[in-house]
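These are my notes from going through the structure. I took the overall make-up before the details.

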Amino acid sequence: MTRRFVKSVLASLAVACAVSATGAANAQELQLTGPLKGAPAVRHLRLYRQGRFEIAPAVSFSLLDEYRRTILAGARLNYNITDWLAIGIWGGAGVASLSTDLTDKIDATAPRDPLTAINVNHSGNPSGQAKGAPAASFADQTAKISYVVSPQVTFIPFRGKLAIFNKIFVDTDLYIAGGVAFVGVQEREDCGGASEVKCSNPSSFALQSLTKVAPTFGVGLTFYPSTFVSFGVEYRALPFSWNRSGFDSRGSGPNGNFPDQQVNGDDETFKFNMLVNVFLGFSFPTAPKISE
Amino acid sequence: MKQARRWLLLAAALVLLPQAAYAQKKKPKGSGAGATPAAAPAADTGAQAAPADMDADAPAPAPGAPATPAGGDQAGPAAGGDTGAGGDMDICQITPDAPQCTATKEINLGVEAKKAVRAEVYAVQQQYVIKAQRFEIQPYFAVTLNDQFVSHDAPGLSLNYYITQVLAVGLNGNWYGSLNQDSDFNFQNRRAARIAVPLNDYQASGDLNFTYVPMYGKFAGFGDFIFHYDAYIDGGVGVIRTKPIPVIDPDNRSFDWNTLVNFDVGIGLRIFFNRWLAAVLEVRDIMYFDKIENTKIQPGLAAADPVKGVWYDPNTHFTNDVQLQVGLSLFLPTSFDYTLPK
């Protein structure tokens, strides 16, 4: 009898579970076959980009600099072919160049003697600071970015909105930009070669202008407080090789890892240069289209 | 025992009854049975006759018209035959606009989209994830952002409890262990300029933090799928253990770990995969006054007690350790109930 009683209880529970499960499945089916099936994820979307030109004045700040920070003032000009694809150009000119703490420290404490004569700026004579001569600044020999110009393609995969404090709501998109950058840099001129001035000569610490070609990519957020004006922030990578310190650090010995009394292309090292851009955008025509 | 079995079966049947009633509207008072057709026994026939209370919102049938179900577009028992025993009956009465109830009526999405909407629509309807009274476990890996001399990468773990939807309290810790890495850049500077920059290793850090989540939103990816995110700021106080790497006088100096008070602030972005799992990206600044190696050597005091400031620089130095943390966020319990309707 006990066995039959247990069987009865289990059978009742099994029926109850089966019916309960059926109820849940019905609700799911209703959702899948509802009137929104097949409808787009977003409707009546404001197409802030499609068919519009954008001009966005921007300020760029370099990140993680070893010897010198650069602030670029420039702009981005884009034509948005669709709401998810744009072509354009980004550029800026270096308007400020600030020495880092390390540069100041080297300037203040590095000895000016024959051992450092080819690496640390000095004046007067090749082996050290001349008596009474004005102090030569190490900062003057460090490289700086003069300008950046980059034709680029912008891809905008994500579009959404943001609620701030549950009070402010702003449309937002996230974009990825990529292109080729032409970077104007000033770095210590070549010295120590056959027909070049010796690197210990104070005149060898002058800077020369070069143009580097580098890939560039960025990722950013654009916020649309109105249909005409936008603002945003962007992370930008600009990797290329350059001699930021002006040191002779490579060129001879095993793997060329030892100084060779020359400053040239061998002394350039790869750096994953990074910038953060802040921009304010204006779009034309001033009113966006609205999706179906 | 036979009686007991019958009672059990009866109890099971009673348990099942309320499930059928959950989705039904409450019968309004005064809606007499004469306003709607009488309910026919449907369970065993598949007939589409509706219960009287489900018809309360339907227009009254014309005098003399045959009795029809609530959907109005399905005629008698035969119409129900295509979907099985009574299955469509409930669906069509609950959602008369469902496709299977309006087989001859195409839904024009363009027309539907132009219909007026209720004014009470929030920009972000009903937050995707309720965090209040849930625990968050956040394993992550941190990489140094601002120290080109020594990188201090570390695995870490955050444990948070959300007191409210926007406020959490928790602990986080980093283990730097042997992942500190003195860069080649230091050597290049020492060799070229004959100067040395004091360097420090980290062992571990731990903080008590408060987290505030002021922003949340959603993105449509490729105009196709939607995902949700939120942004938070956090800050707190804790300790960090550091020690100088002997650079200036490595032959004579060796240092022990120092436990220092730190303050930390961070800003993070959390992208939800579902209601309990998210990817996290955070930038955190751990700020403290560090003890660094003395750049001056006093030969006669080289072996003196380092506490007296011979090995250590007499001044402490304010230091920012800015990290980028990438990790996952797991919320427990994994499910929750909304307290308000959508």
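I began with chain A and counted two helices and 14 strands in this predicted model. Of the 292 residues in chain A, 33% are buried. I then looked at contacts in chain A between residues at least 6 apart in sequence, and 66% of them join residues at least 24 apart.

**Helix H2 of chain A**

I turned to H2, residues 101–109 of chain A, and asked which of its residues are buried. They are A:Leu102, A:Thr103, A:Ile106 and A:Asp107. Viewed down the axis of H2(A), these buried residues stay within an arc of 135°, so they line one face of the helix. On the face turned away from that buried side I noted the exposed residues A:Asp101 and A:Ala108.

What covers the buried residues of H2(A)? I listed strand S3 (68–80) and strand S4 (85–99) of chain A, and the cover also includes helix H5 (184–193) of chain B.

**Helix H5 of chain B**

That entry sent me to chain B. In H5(B) I found B:Gln188, B:Asn189, B:Ala192 and B:Ala193 buried. Down the axis of H5(B), the buried residues fall within an arc of 95°, so here too they line one face of the helix. The face of H5(B) turned away from the buried side carries B:Asp184 and B:Phe187, which are exposed.

I checked the cover from this side as well: H2 of chain A is included in what covers the buried residues of H5(B). I have therefore recorded each helix as part of the cover of the other's buried residues. I also looked at what comes after H5(B): B:Arg194 follows, and its phi is positive, near 55°.

**A:Ile118**

My last entry concerns A:Ile118, which I located in the loop between H2 and strand S5 (124–125) of chain A. Is A:Ile118 buried or exposed? I count 24 other C-beta atoms within 10 Å of A:Ile118, and the cut-off for buried is 20 or more, so A:Ile118 is buried.

Which residues is A:Ile118 in contact with, leaving aside its neighbours within four places in sequence? I wrote down A:Cys199, A:Ser200, A:Asp248 and A:Gln261. I also took one distance, from A:Ile118 to A:Phe205: the two are 87 residues apart in sequence, and their C-alpha atoms are 8.7 Å apart in space.

Technical notes
Residues are numbered from 1 along each chain as its sequence is written. Chains are lettered from A and ligands numbered from 1 in the order in which they are written. This is a predicted model: local features need pLDDT of at least 70, side-chain atom pairs count only at pLDDT 80 or more; totals for chains, interfaces and linings use all residues. A residue is buried if 20 or more other C-beta atoms lie within 10 Å of its own, exposed if 12 or fewer, and partly exposed in between; C-beta atoms are placed from the backbone. Helices (H or I, at least four residues) and strands (E, at least two) are DSSP runs, numbered from the N terminus. The arc is that of the directions from the helix axis to the C-beta atoms. Two residues are in contact if their C-beta atoms, placed from the backbone, lie within 7 Å.
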